[in-house]
Amino acid sequence: MKNRVFIIEYAKGSDKGFDGFRPDSKPILEAIEEVTDYKTEIVFYRPNRKYDLLEYLKEKAVAVISRINPGNLKEADEYFQFLKALGNAGIEIHTHPDVMINLDFKDILAKLKGTKLGDDETYFYHTYTDFATRFPADLDVHGIRVLKTNYGSTGEGVYLVSKKEDGSIFSVEAVNNEKYYYDDINEFLHKFEPNFDETVSEYAAYFQGKTGFVGCRYLERITEGEIRVLLVNDKAISVVHKKPQEGEFSATLFSGAKYKYESPDEPKWKVVVDLTMKGLKDIKKFLNGQNYPLLWTMDYILDYNEDGSDKYVLSEINCSCVGITTELQYAKDVAEVFIPKKKKKKK
């Protein structure tokens with residue numbers, strides 16, 4: 001009889017505690033056991049044993065929670081196909097790979113142009129030819145632009161590019177603050193070309209059309225930090241103020257940013273929480289008929305409206321493996337997703 005909720009982890013990665021598990025995995029499963037009748041278990045995904053694991057989960061799983069950052073996998077597409085096979089077998093997948101591939105990649109920022117969440121100056125440079133043709137003019141608009149690799153995580157592959165008065169180009173990478181100097185735009189384009197990897201396997205079904213870089217406006221108020229709305233499905237459970245380290249333009253933990261968690265009911269966060277809730281309808285069409293992600297975030301950078309009031313510009317969505325290691329109280333919010341609907345109605 002199927003009566004278990006599983007967390008799937010990967011044995012490698014820097015996200016492990018002293019016991020070899022993610023520090024938030026056991027608390028999430030313990031919370032699920034507290035509020036449901038399900039038993040729980042953690043299993044490890046190993047590419048060379050995936051078929052054995054597939055059969056084991058088909059036999060016992062009601063639902064699985066993926067807690068693997070696809071960036072830690074050499075064959076991420078293979079893992080996504082594994083999750084989809086579980087879904088096809090009638091198992092609940094949190095979060096479904098069809099959702100991750102649409103929301104977790106940076107091109108969602110370009111797809112949301114024309115909505116309240118999107119910025120009209122965002123563009124997805126899918127190929128190097130497109131980039132070399134269009135980027136110089138895009139850079140000239142403000143003299144500065146942010147480039148984000150479409151499949152990056154934790155700030156990797158994010159560059160701030162600016163053009164000086166003499167035509168020279170200055171670039172800095174977010175994660176390591178490494179600086180690059182180029183004599184002109186042509187040298188920059190030539191040196192940047194290797195960053196475009198256009199060789200995608202014909203079998204990589206989930207990653208077709210996903211190579212490239214997303215170009216965004218540089219928003220000076222990034223120095224005030226990013227505002228992260230943390231969600232469980234379609235419910236906001238926290239607002240996180242991510243303050244960058246002085247001199248940095250990236251607000252990730254890996255670049256030294258400080259995180260402060262607050263209630264989404266705080267009056268000062270009403271505008272960004274309302275924007276997020278209203279924006280869910282624009283995101284829904286990218287779910288491919290699946291549920292909203294189990295545990296996910298929408299990150300914003302502050303800008304100004306014409307009247308001088310605060311404007312929140314969506315900068316990123318994360319939904320493949322959001323951690324709550326420092327805020328384990330949110331495990332209860334995650335667990336409540338697994339309460340059978342009949343029990344929820346009785347409350």
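A residue is called buried when its relative accessible area is under 20%, exposed when that area is over 50%, and partly exposed in between. The model is predicted.

**Exercise 1.** Find the salt-bridge partner of R22 and classify R22 by accessibility.

Solution. Step 1: R22 pairs with D15, and their closest N and O atoms are 3.0 Å apart. Step 2: the cut-off for a salt bridge is 4 Å between a Lys or Arg side-chain nitrogen and an Asp or Glu carboxyl oxygen, so the contact qualifies. Step 3: R22 has a relative accessible area of 7%, so R22 is buried. Step 4: R22 and D15 also belong to a network of salt bridges that includes E9, K16, D24 and R67.

**Exercise 2.** Which strands does the salt bridge between R217 and D303 tie together?

Solution. Step 1: the side chains of R217 and D303 meet at 3.0 Å, N to O. Step 2: R217 is in strand β10 (residues 213–217) and D303 is in strand β14 (residues 295–304), so the bridge ties together parts 86 residues apart in sequence. Step 3: R217 is buried at 19% relative accessibility, and D303 is buried at 16%.

**Exercise 3.** How many salt bridges does a search of the whole structure find?

Solution. The search gives 30 salt bridges.

Methods. Residues are numbered from 1 along each chain as its sequence is written. This is a predicted model: local features need pLDDT of at least 70, side-chain atom pairs count only at pLDDT 80 or more; totals for chains, interfaces and linings use all residues. Side-chain values use heavy atoms; hydrogens and water are left out. Buried means under 20% relative accessible area, exposed over 50%, partly exposed in between (1.4 Å probe, protein chains only). Helices (H or I, at least four residues) and strands (E, at least two) are DSSP runs, numbered from the N terminus.
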